[in-house]
Amino acid sequence: MKAKMNHLTKKQFLYWAVFPVFFLLSCSNNDKSDAYGQFEATETTISSQASGELLAFTVYEGSNLKPGEQVGLIDTTQLKLKKNELLAVLSSTEAKIDQINAEAEVLNEQLQTATINLQRIENLVKDEAGTRQQLDDTEGKVRTLRKQIEALKVQKKSVRAEINATRSRLEQLEEQLNDAYVVNPVMGTVLTTYVEPFELVGQGQPLYQIANLDTLELRIYVSGAQLPSVKLGQQVEVLIDKNAEENSSLSGRISWIASEAEFTPKMIQTKEERVTQVYAVKVKVPNTDGMIKIGMPGEVNF
């Protein structure tokens, strides 16, 4: 009788020891969210468009920048010297046009006089009052003047081409001068800076990274069975960690659904689930209080 009682006691002990664990597992399975993922943002790397010493740089990690805000300046001394040199060349070349116009005006007056003389001599020759030598000399002078005028026109075209080339170089130089001003192109928060003031930077060198944190995207993965219940523009519940035991509930909107399946990323799923093909989905979530951080895990209930 004693042995039987001990046997029952052991069975009862095992039952009451295992039941709470089973109950907790059952509860936890029921409390699982529909999908999991990490928050991300569109991160933009702003690079230098010019080369030289970074004379000014007012970008700091965590600072909020607006589009069109000037945040830096690269040394433009050499560029300005080149610009002044080109302006002098342009002024000198444009003066050649005035000189050519003046010469052409004198030659046109001479041609007009020579043409009148030619007509007069032609009439004298007809009346046998002039010589053939006089006619040939006057015709030669008219031809020479016309050739000189044509030569000036060609020279004028060449000078104008030189002026246009100089102006084009000035426009390029002006763009280089504008590129020396570091202007922030997008609204957002600075995530990382890569340079310090007075460093030498090269064209294309990254200066800082910025992202708009007002709205973040939670990239999640859903199975093929869940896909029919997921639609663009759908409002969903998003959960983030409030503390070790509680979650905060936020509202999100599905903004993108992948058209092709892929294997579940290794970084957020177990080895057994990694062999399953899933569809990536992005959920836009307003970050009004700044609670959400890039890389933070999140959960979604459809």
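Guide: Two strands pair if DSSP finds at least two bridges between them. Helices (H or I, at least four residues) and strands (E, at least two) are DSSP runs, numbered from the N terminus. Strand S3 (residues 52-57) and S5 have three bridges and run antiparallel, so they count as paired. This is a predicted model: local features need pLDDT of at least 70, side-chain atom pairs count only at pLDDT 80 or more, and totals for chains, interfaces and linings use all residues. Residues are numbered from 1 along each chain as its sequence is written, and side-chain values use heavy atoms, with hydrogens and water left out.

Visitor: Which residue stands opposite Leu54 in S5?

Guide: Ile74 is opposite Leu54 there.

Visitor: In what order do the strands of the open sheet with S5 and S3 lie?

Guide: The order is S6-S5-S3-S8, four strands with antiparallel pairing.

Visitor: What makes S6 and S8 edge strands?

Guide: Strand S6 (181-184) and S8 each pair on one side only. Another open sheet of four strands has the order S2-S9-S7-S4, and its pairing is antiparallel too. Its edge strands are strand S2 (43-47) and strand S4 (64-65), each of which pairs on one side only.

Visitor: How do you know that S7 and S9 pair?

Guide: Strand S7 (residues 188-193) and strand S9 (residues 206-211) are joined antiparallel by four bridges, and pairing asks for at least two, so they qualify. In S9, Gln209 is the bridge partner of Thr192.

Visitor: What joins S11 to S12?

Guide: A hairpin does, through five residues. Strand S11 (residues 235-241) and strand S12 (residues 247-257) pair over seven bridges in the antiparallel sense. Gln235 has Arg253 in S12 as its bridge partner. S11 is also joined by three bridges to strand S15 (residues 297-301), again antiparallel, and Val238 stands opposite Val300 in S15.

Visitor: How many helices and strands does the protein have?

Guide: The protein has three helices and 15 strands.

Visitor: Why are H2 and H3 called roughly antiparallel?

Guide: Their packing angle is about 165 degrees, and their axes are 8 Å apart. Axes are lines fitted to C-alpha atoms, for helices over the stretch in contact, and angles run from 0 to 180 degrees between N-to-C directions. Angles under 35 degrees count as roughly parallel, over 145 as roughly antiparallel, 65 to 115 as roughly perpendicular and the rest as oblique. H2 and H3 are therefore roughly antiparallel to each other.

Visitor: Which hand does the crossing of H2 and H3 have?

Guide: H2 passes H3 in a left-handed crossing. A crossing is left-handed if the near helix is turned anticlockwise from the far one by less than a right angle, and right-handed if clockwise.

Visitor: What does Thr76 contact?

Guide: Contact means heavy atoms within 4.5 Å. Leaving aside neighbours within four places in sequence, Thr76 is in contact with Leu177 and Ala180.

Visitor: What makes a set of residues a nonpolar core?

Guide: A nonpolar core is a set of buried Ala, Val, Leu, Ile, Met, Phe, Trp, Tyr and Cys residues joined through side-chain atoms within 4.5 Å. The largest one here has 21 residues, and Leu107, Leu111 and Val159 are among those with the most contacts inside it. Helix H2 (77-126) and helix H3 (132-179) are the elements that give two or more residues to this core. H2 gives the most, with 11 residues. Apart from this core lies another, of 19 residues, including Phe39 and Val285.

Visitor: Why is Leu232 called exposed?

Guide: Leu232 has 60% relative accessibility, so Leu232 counts as exposed. Leu232 still touches Ile254, Ser255, Trp256 and Ile257, not counting residues up to four places away in sequence.

How values were computed
Buried < 20%, exposed > 50% of the residue type's maximum accessible area, 1.4 Å probe, protein only.
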